[in-house]
Amino acid sequence: MFYRSVGQVPPKRHTQFRKPDGGLYYEELMGEEGFSSDSSLLYHEGVPSAIVDSRIWELPDARTVANHPLKPLHLKPHDLFPGKDWKAFDVVTGRRLLLGNGDVRIAYVAAGESSPLYRNAIGDECVYIEDGEATLETMFGLLRVRKGDYAIIPRATVHRWVPTGDGPLRAYVVEANSHITPPKRYLSRFGQFLEHAPYCERDLTAPAEPYVTEGSDVDVYTKHRGHGPSGLVGSIVTYPTHPFDVVGWDGCLYPYTFNVDDFEPITGRIHQPPPVHQVFQGHNFVICNFVPRKVDYHPLAVPVPYYHSNVDSDEVMFYCGGDYEARKGSGIGQGSITLHPGGHSHGPQPAAIERALGKDYFDELAVMVDTFRPLEIGEAGQQSDDGAYAWSWSGRGPTG
């Protein structure tokens with residue numbers, strides 16, 4: 001991302017930077033790809049490497065099963081948190097695994113409790129807020145998040161989710177094994193958003209001031225690589241002082257939010273392919289959003305998508321607002337998730353094609369994740385599958 005400077009930093013990097021009492025602040029470089037990509041320098045009051053304990057954190061169930069025999073799925077994640085159950089969960093320990101592969105995991109949570117301090121040491125996270133409000137406390141500072149926000153949290157950022165609304169904080173969580181960035185085709189070779197990009201730097205919100213908190217023997221729940229399910233294990237690492245002790249930082253690596261309402265849709269006379277809706281990318285996956293927009297204006301246009309085969313990817317759609325035109329008649333509703341796996345030709349429900357003719361505006365909101373390796377089904381995906389979606393195009397299943 002582009003350069004920011006927050007709080008107190010010395011005029012020259014890697015030089016003495018002293019506290020009011022004469023002691024030194026402790027400089028930490030947080031960087032990507034072995035000193036050859038984006039980084040930030042953070043100035044701590046305490047020693048960032050100091051720990052006093054480490055014990056096992058039993059992660060939520062991360063096991064997956066193959067989508068075999070192959071079929072499209074309709075998942076209903078709202079059913080995972082019925083009634084007032086959400087009040088007992090937090091965004092970190094309460095998330096439930098829907099789908100995953102060796103590159104990315106997709107989870108869902110409805111939360112009412114504050115999370116523990118948390119660090120994902122495996123990859124970046126993209127957390128889409130379906131509903132609710134929260135404060136995202138991070139070592140870089142505070143971020144206020146609201147409905148429609150994507151929160152991009154770089155790998156190893158210590159953070160905590162604090163719901164602030166009266167209702168549940170509903171979060172759709174994309175955990176990468178890589179970094180998550182804006183699409184490269186929207187950036188100049190120096191990292192500036194180009195004129196054809198559907199959003200730009202002004203649409204991004206980053207921490208504006210340091211957030212310093214005191215504490216001793218502070219636990220940080222840390223997800224890291226290991227020999228557990230999906231290659232994940234967890235540790236609860238205890239620090240002698242609070243990790244939120246950064247008095248200043250500067251650089252190009254930091255958490256930020258982007259609200260889906262600020263995405264400017266790219267439209268045309270005939271139906272535009274999904275890449276025009278892309279908002280982020282990671283290794284072997286992309287994230288797109290389908291937002292309310294004027295649709296195809298050729299006199300003979302068919303506004304809903306044509307049928308298409310996912311030759312190289314699995315497609316996951318999270319329907320999070322409006323009324324998704326192409327899925328009418330399939331049972332899809334607010335909060336639904338569909339998986340259209342590679343090897344299955346998918347497209348609109350048959351009746352939706354004629355019904356869409358002549359329309360010039362779609363009031364729909366969906367977040368799509370396309371993966372370039374097959375997705376397997378997590379425990380929450382198995383529990384929330386409606387069992388009938390695969391037969392919705394034909395009107396009958398294997399029993400006739």
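**View 1. H271 and the residues it touches.** In this predicted model, H271 touches D296, V302, P303, V304, P305 and Y306. That list leaves out residues up to four places away in sequence. UniProt, in an unreviewed entry, lists H271 under "active site". Such an annotation may be inferred rather than shown by experiment. Look for H271 in the loop between strand 20 and strand 21. Strand 21 covers residues 278-282.

**View 2. Two domains side by side.** The domain assignment gives domain 1 as residues 4-259 and domain 2 as residues 264-390. Their C-alpha centres lie 27 Å apart. Domain 1 brings 49 residues to the contact. Domain 2 brings 51 residues. Together the two domains bury about 4,600 Å² between them. Carbon and sulfur atoms account for 60% of that buried area.

View 3. How many salt bridges does the rule find across the interface of domain 1 and domain 2? There are two. For a close look at a salt bridge, find D103 and R373. These residues form a salt bridge, with the closest N and O atoms 2.9 Å apart. The rule also finds 24 residue pairs in polar contact across the interface of domain 1 and domain 2. Both residues of each pair are at pLDDT 80 or more.

**View 4. The side of domain 1 that touches domain 2.** Several strands each supply at least two residues to this side, including strand 5 (64-65), strand 8 (104-111), strand 10 (125-131) and strand 15 (169-176). Which strand gives the most? Strand 7 does, with five residues. Strand 7 spans residues 96-100. The residues of this side divide into 29 nonpolar, 11 polar and nine charged.

View 5. An unreviewed UniProt entry places the feature "domain: Homogentisate 1,2-dioxygenase N-terminal" at residues 114-259.

View 6. Most peptide bonds are trans. The bond from H68 to P69 is cis. Its omega is near 5 degrees. P69 lies in the loop between strand 5 and strand 6.

**View 7. A positive phi at F35.** Most residues other than glycine have a negative phi. F35 is not glycine, yet its phi is positive, near 65 degrees. Find F35 in the loop between strand 2 and strand 3. Strand 2 runs over residues 26-31, and strand 3 over residues 39-44.

Terms used: Residues numbered from 1 in each chain as written. Predicted model: local features only at pLDDT ≥ 70, side-chain atom pairs only at ≥ 80, totals over all residues. Heavy atoms only, no water. Domains from an automatic or database assignment. Contact = heavy atoms within 4.5 Å. Buried area = accessible area lost by both parts, 1.4 Å probe. Salt bridge = Lys/Arg side-chain N within 4 Å of Asp/Glu carboxyl O. Polar contact = N/O pair within 3.5 Å; in protein donor to acceptor, adjacent residues only side chain to side chain. Helix = DSSP H or I, 4+ residues; strand = E, 2+ residues; numbered from the N terminus. Nonpolar A, V, L, I, M, F, W, Y, C, P; charged D, E, K, R; others polar.
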